[in-house]
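Dear colleague,

Please find below the structure that I am handing over to you. My notes on it follow directly after.

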Amino acid sequence: MKSVLRWSVSAGSALVLALTGAPAAEAKSTTIDQKGNITTVARTLDGRAITNEKIAKEVTDFWTPERMASAVDLDFPKSAHAAGTPSRAPIPTGPAGAVAPVAPSISGGGARTLLNEAQTVGKVYFTVPGGGTASCSASTVASAKRRLVVTAGHCVHQGSGGQWYTNWQFVPRYRNGVRPFGTFVAGSLSTRAAWANSSSYAEDMGIAVMSNGGIYGAKVVDTVGGNGLRWNWGYTVAVTALGYPSNLGGGESQYFCQGTTWDAGGQEIRMSCNMTYGSSGGPWLQEYNDVSGAGYINSTVSHGDNPGNGQFDGPYYDDDIKSLYDFAEAGSPA
């Protein structure tokens, strides 16, 4: 089993936002909007904004097979210092809404899928403040600009007092060192301010805007398709959770759990699943179709009170995820 990285809160810092392809000199300070979303331009390990193909290629070159193999899987225990959301009746924050899944637009992009191996789901790798490399799980989501990847907030930012991760890349349907669709590098990272500032697990949501890449030099959703998204669909739904747990296959291949979620309190939902470290950020998919390899993202793996006890929690997807989705999409280049 791979070693596990315990992410923790540390001194915070302000970083930057820029559109992919813009000159590095135009990078701004961290941007936060009035709806509680926060974003930064993605950066290299040495602090340069990833604003063009040349710098993005430096990131993919950094991630040699040896570095990817040695990246530790983020664990997800619930910290005693993490902020909770005040208990209240588990009700949606607005009307139910959805974004439909989309198929790949590139011929040959819809390669074979299995129940526990979707091309829309992949492994992410990043460098952490203070040194070291780590990994999580993530999945594509459909949008007009076709660049978005959904994960956990703690897979893009350390949380309260912490910093953004660097050298962030997504490898769809990674398996045992094989990258069948190539690699995609993030141009910007976004999360909820309540996660970045207070480590609120109810807001442990992250979205990355990906630069063109992969085996076709194209957009990630054009290459592998995109999951749908649902919010305000209630606390009890049937889902398939997919991710790269280190306790099953050493984090080198996708695994899945299926079950029905329930209210975990504090604007979170819970499901039974034996996946642990490395599955952080993996999607909980409603109506997962093992032919298309897509479903509707209804939450992502956030944490477990006791990882390995057969349960884990994710944020309840209410109006906040739709707000973050719209925010990331608005900041994405065409």
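Lys-123 is buried, at a relative accessible area of 0%; here buried stands for under 20% relative accessible area, exposed for over 50%, and partly exposed for what lies in between, with a 1.4 Å probe and protein chains only. Asp-73 is likewise buried, with a relative accessible area of 0%. Asp-73 and Lys-123 form a salt bridge, their closest N and O atoms being 3.9 Å apart; the term denotes a side-chain nitrogen of Lys or Arg within 4 Å of a carboxyl oxygen of Asp or Glu. Because Asp-73 belongs to strand β6 (residues 72–74) and Lys-123 to strand β8 (residues 121–127), this pair ties together parts that are 50 residues apart in sequence. Helices (H or I, at least four residues) and strands (E, at least two) are DSSP runs, numbered from the N terminus.

Before going further, please note that this is a predicted model, in which local features need pLDDT of at least 70 and side-chain atom pairs count only at pLDDT 80 or more, while totals for chains, interfaces and linings use all residues. Residues are numbered from 1 along each chain as its sequence is written, and side-chain values use heavy atoms, with hydrogens and water left out.

In the whole structure, a search finds twelve salt bridges. One of them joins Glu-58 to Arg-48, with the closest N and O atoms 2.6 Å apart. Glu-58 sits in helix α1 (residues 53–62), whereas Arg-48 is in the loop between β5 (37–41) and α1, ten residues apart. Both ends are partly exposed: Glu-58 has 31% relative accessibility, and Arg-48 has a relative accessible area of 33%.

Glu-58 also meets the side chain of Lys-54 in a salt bridge (3.3 Å, N to O). Lys-54 and Glu-58 are four residues apart in helix α1, so about one helical turn separates them. Lys-54 is exposed, with a relative accessible area of 62%.

I turn next to the strands. Strand β20 (residues 294–300) has seven of its seven residues buried, so the rest of the structure largely encloses it. With strand β19 (residues 283–289), β20 pairs in the antiparallel sense over five bridges; two strands pair if DSSP finds at least two bridges between them. In this pairing, Pro-283 stands opposite Thr-300 in β20. The two strands β19 and β20 make a hairpin with four residues between them, and Gly-293 in the turn has a positive phi of about 70°. Strand β14 (residues 228–231) runs parallel to β20 and is joined to it by two bridges. There, Leu-229 has Ile-297 of β20 as its bridge partner.

Finally, a single residue deserves a note. Ser-143 is placed in the loop between β9 (133–140) and β10 (148–151). Ser-143 is buried, with a relative accessible area of 10%. Its side chain makes a polar contact with the side chain of Glu-329 (2.8 Å); such a contact is a pair of N or O atoms within 3.5 Å, where within protein one must be able to donate a hydrogen and the other to accept it, and residues adjacent in sequence count only if both atoms are side-chain atoms. Apart from neighbours within four places in sequence, Ser-143 is in contact (heavy atoms within 4.5 Å) with Leu-148, Tyr-325 and Glu-329.

Yours sincerely
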